[in-house]
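Subject: Structure for you to look at

Hello,

Here is the structure I promised to pass on. Please open it beside this email and follow along.

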Amino acid sequence: MPSSKEPLKTLADLKRVQKTLAESRAREAEVAAQKTAAEKKRLAEKNLFARAIGADTGATQPLRHKPMVVLAPPQPAPIARQHLRDEAEALREALSDEFDVTTLLDADDQMSFRRPGVSTDVTRRLRSGHWSIQQQIDLHGLRSDEAREALAQFIRTAHRHGVRCVRVVHGKGLGSPGKQPVLKLKAQRWLIQKKEVMAFVQARPSDGGAGALVVLLAPVGH
C-alpha cells in the first residue's frame with residue numbers, strides 16, 4: 001500500500017486508500033455504537049431500579065447519613081457470687097490445729113463429742129447406728145493442711161444438701177511416726193469447730209472402728 005505522503009500514481013492506488021479509510025471509519029462507528037448501547041442499557045437498568053423503589057415519584061429519598069449499626073457494649077462477666085460466699089465462709093470458719101478439745105470430749109472409752117444442749121441419748125443412738133451413713137470422706141494420704149481444707153468443704157457441702165449423718169475416715173495412725181493417731185486427733189479438733197456438727201462418735205467395727213468417726217450434722221436452717 002502506498003504511503004499517504006507518497007503521490008498516488010494510479011487510480012488503483014486511490015481506490016485502495018479510499019477503501020482503507022472507509023474500513024477505519026466503519027470500525028470507529030461500530031465501537032461508538034457499542035459504547036452508546038452500553039450506556040443506554042446502564043441508564044435503563046438504573047431507571048428500572050428507581051421505578052421499583054419509587055424514587056422517580058419521590059416516594060423514597062436517599063439517606064443523608066452513612067448507614068451505621070450501633071452495637072451494644074459487651075456484657076460484664078457474671079460474678080460467681082456463690083463462690084465468693086463460699087470463700088468468705090471458709091475464711092470465717094478457718095479451723096485451728098491448736099484448738100483444745102480435751103474439755104469438750106466425753107471421757108468415755110471412745111472419746112465421743114456432743115454439742116452443749118445435745119443429750120447423751122443422741123450419741124448413744126449415733127453409736128448404735130440409728131442414723132444411716134449417707135456420705136463419707138477418706139482423709140488417708142492427705143497432708144494436714146489438705147485434710148483440714150477437704151474436711152471443712154465436705155462438712156459444709158453435706159450440710160447444705162441436707163445430709164444428716166456422715167463418716168470421716170482418718171485412719172488408725174499405724175503409719176505415722178510413733179504410731180500415734182495424729183490425724184484422728186486433728187479431725188476431732190476440726191469437727192468440734194464446725195458449727196454444722198452436732199455430735200460425733202467413734203465408728204462401729206463394721207464402719208471402720210478406731211479409724212473413723214461417725215458424725216451427726218444439724219438439720220438445714222438449724
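Start with the order of the elements: along the sequence, the protein chain runs α-α-β-α-β-α-β-α-β-β. That comes to 5 helices and 5 strands. Keep in mind that this is a predicted model.

Next, two figures for the whole chain. It has 222 residues, and 28% of them count as buried. Now take the contacts with a separation of 6 or more: 67% of them join residues 24 or more positions apart.

**Helix α4**

Look at α4, residues 144-160. After α4 comes G162, which has a positive phi, near 80°.

**Helix α5**

Then move on to α5, which covers residues 182-193. This helix has 12 residues and reaches 17 Å from its first C-alpha to its last, close to the 16 Å expected. Which of its residues are buried? They are L183, K184, K186, A187, Q188, W190, L191 and I192. Their cover includes β1 (113-114), α4, β4 (197-202) and β5 (212-217).

**How the two helices meet**

The axes of α4 and α5 come within 11 Å and cross at roughly 40°. The crossing is right-handed. On the α4 side, the residues that meet α5 are S144, A147, R148, L151 and I155. On the α5 side, they are L183, K186, A187, W190 and L191.

**The cores**

The largest nonpolar core has 20 residues. Which members touch the most others? Those are L151, I155, V166, L191, V197, F200 and V215. At least two residues each come from α4, β3 (165-169), α5, β4 and β5. The largest share, 5 residues, is supplied by α4.

Setting aside residues up to four places away in sequence, V197 touches F113, R115, I155, L191, V215, L216 and L217.

There is also a second, separate core of 14 residues. Among its members are L126, W131, A199 and A212.

**A loop residue**

Finally, find A210, in the loop between β4 and β5. Buried would need under 20%, and exposed over 50%.

Where does the chain come back to A210? Leaving aside neighbours within four places in sequence, A210 is in contact with H170, G171, K172, K184 and Q202. Take K172 from that list: A210 and K172 are 38 residues apart in sequence, yet 6.1 Å apart in space, C-alpha to C-alpha.

Best wishes

Conventions. Residues numbered from 1 in each chain as written. Predicted model: local features only at pLDDT ≥ 70, side-chain atom pairs only at ≥ 80, totals over all residues. Heavy atoms only, no water. Helix = DSSP H or I, 4+ residues; strand = E, 2+ residues; numbered from the N terminus. Expected span 1.5 Å × (residues − 1). Buried < 20%, exposed > 50% of the residue type's maximum accessible area, 1.4 Å probe, protein only. Contact = heavy atoms within 4.5 Å. Core = buried A, V, L, I, M, F, W, Y, C linked by side-chain atoms within 4.5 Å. Axes fitted to C-alpha atoms, helices over the stretch in contact; angles between N-to-C directions. Left-handed = near helix turned anticlockwise from the far one by under 90°.
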